[in-house]
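Try each task first, then follow the solution step by step.

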Amino acid sequence: YPTIGVAKEIAEILQNVHRVQDPAMAQALSKFLGDYTQFFKAYATLSPGFHIRNGLSNGFMLFAAGGSPDILAQGLRWSREWRQASKSGKAFVDWIETVPAQNREIVRQAYYGMVGSGTGMTSDALERGMLPGTKQSRRLGDFIESHSRFMLSYDGAAKGFGTDENLARVRRFLIDYQDVSSLDKTMKQIVPFWMWTSRNFPMQLMNIYSNPKAYQVYGALKRNFTANEEDGTLVPSWMSEMGAFKIPFGKNLYASPDLGFNRMGQQLNEFSDPSRMLSSVNPLLRLPMELSGNRQYYSNRQFSSKPVEVEGGLSSIYQPIMQGLGLGDTGPTGKKFVDDKAYYALRNLIP
């Protein structure tokens, strides 16, 4: 776009990114970033919180897709029965014959919709095989994804959707992480969670207008459970971007159910702020730019020139390591301090 003027720094970033169109450059970049990106994604999705969020988000999308609660419940029952049968070594072709004749075809279509709709984020994060400590994480992730996809596929089959229509519906509302283009393959190395980032916003935006009922129900629940702001307490901006609201069950308690669409405000702000958008980039690419620019991209906070205090928790584990490297110290009162830049870099490199 030769007639459009942008800041020099932005132009340089865009020109550098365009270099990935060169096949040799793309291959070299993929090889360099691949192993670290896999490590980062595998352990970033290892926490119980990630799986709870994934289950809540998938559960909401079943209703946002127009699923009927009673039909979805029936689908969950059949999904459990099939999963139990598969654990005992039964093949699907044998198990389906044990299903009552009046349900058999719908269950068969639900199964095809589940296996044909791809995989979820957990399988994507562990696509290169198991890493230490991740076996149970993948098992739990696959458990959530398979039930979700079976249930939505069962709902579509019960409502008379054709095979292709049903499959397209499942893949639309429950992102298929196997459906990747050449651009996706490269961008996944630059932005580790590119698939969710690139699919969630347009899907949610379209669905809010085409099927607003589920979102209106959530909005009503949120209004009913939001505490009065008579005391002047406001929701911090970084929380409100994720749809958080104050609840009346204690002092300064907030609810932030992460249902996918809640993050649209956060994503929109990132789209309008290049530095915020860069905060999603692979740490191996982002950290050199942040450290040399002396500023964090996400919060726009400048790094301190003085050591910062470690406040405890898991972060305190890093302090002795950094102190041994000459990047930390213990004060006369026993307080622990670390170099701000080095501390930030270490916490970003280790998910």
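**Exercise 1. Aromatic pairs**

How many aromatic pairs does a search of the whole structure find?

Solution. Start with what you are looking at: this is a predicted model, in which local features need pLDDT of at least 70 and side-chain atom pairs count only at pLDDT 80 or more, while totals for chains, interfaces and linings use all residues. Residues are numbered from 1 along each chain as its sequence is written, and side-chain values use heavy atoms, with hydrogens and water left out.

Next, the criterion: rings of Phe, Tyr and Trp (its six-membered ring) pair if their centres lie within 6.5 Å, and planes under 30 degrees apart count as stacked, over 60 as edge-to-face and the rest as tilted. The search gives 16 aromatic pairs.

Now take one of them. Trp82 and Trp95 are 5.6 Å apart centre to centre, with 45° between the planes, so the pair is tilted. Trp82 belongs to helix H4 (residues 69-87) and Trp95 to helix H5 (residues 92-95), 13 residues apart. Helices here are DSSP runs (H or I, at least four residues), as are strands (E, at least two), numbered from the N terminus.

Trp82 counts as buried because its relative accessibility is 12%, and Trp95 is buried at 4%.

Then try a second pair. Tyr215 is buried at 10% relative accessible area, and Phe261 is buried at 12%.

Finally, look for a cluster: ring pairs link Tyr36, Phe39, Phe40, Tyr43 and Phe193.

**Exercise 2. The largest nonpolar core**

Find which residues touch the most other members of the largest nonpolar core.

Solution. First, the rule: a nonpolar core is a set of buried Ala, Val, Leu, Ile, Met, Phe, Trp, Tyr and Cys residues joined through side-chain atoms within 4.5 Å. The largest core has 22 residues, and Phe60, Met61, Leu152 and Phe261 touch the most other members.

Second, ask where the core comes from. Helices H3 (48-64), H8 (135-158), H9 (163-173), H11 (194-210) and H12 (213-225) each supply at least two residues. The largest share, four residues, comes from H3.

Third, check the surroundings of Phe261. Leaving out residues up to four places away in sequence, Phe261 touches Phe60, Gln204, Tyr215 and Tyr218, where contact means heavy atoms within 4.5 Å.

Another core, of 14 residues, lies apart from the largest one and includes Trp82, Trp95, Ile96 and Phe150.

**Exercise 3. Helix H16 and its ends**

Work out which residues of H16 are buried and why they lie on the same side.

Solution. In H16 (residues 283-293), the buried residues are Pro283, Arg286, Leu287 and Glu290. They lie on the same side of H16 because they cover an arc of only 100° around the axis, taken from the directions from the helix axis to the C-beta atoms.

Now check both ends. At the start of H16, a side-chain oxygen of Asn282 comes within 3.0 Å of the backbone nitrogen of Leu284. Just after H16, Asn294 has a positive phi of about 60°.

Technical notes: Buried < 20%, exposed > 50% of the residue type's maximum accessible area, 1.4 Å probe, protein only. Polar contact = N/O pair within 3.5 Å; in protein donor to acceptor, adjacent residues only side chain to side chain.
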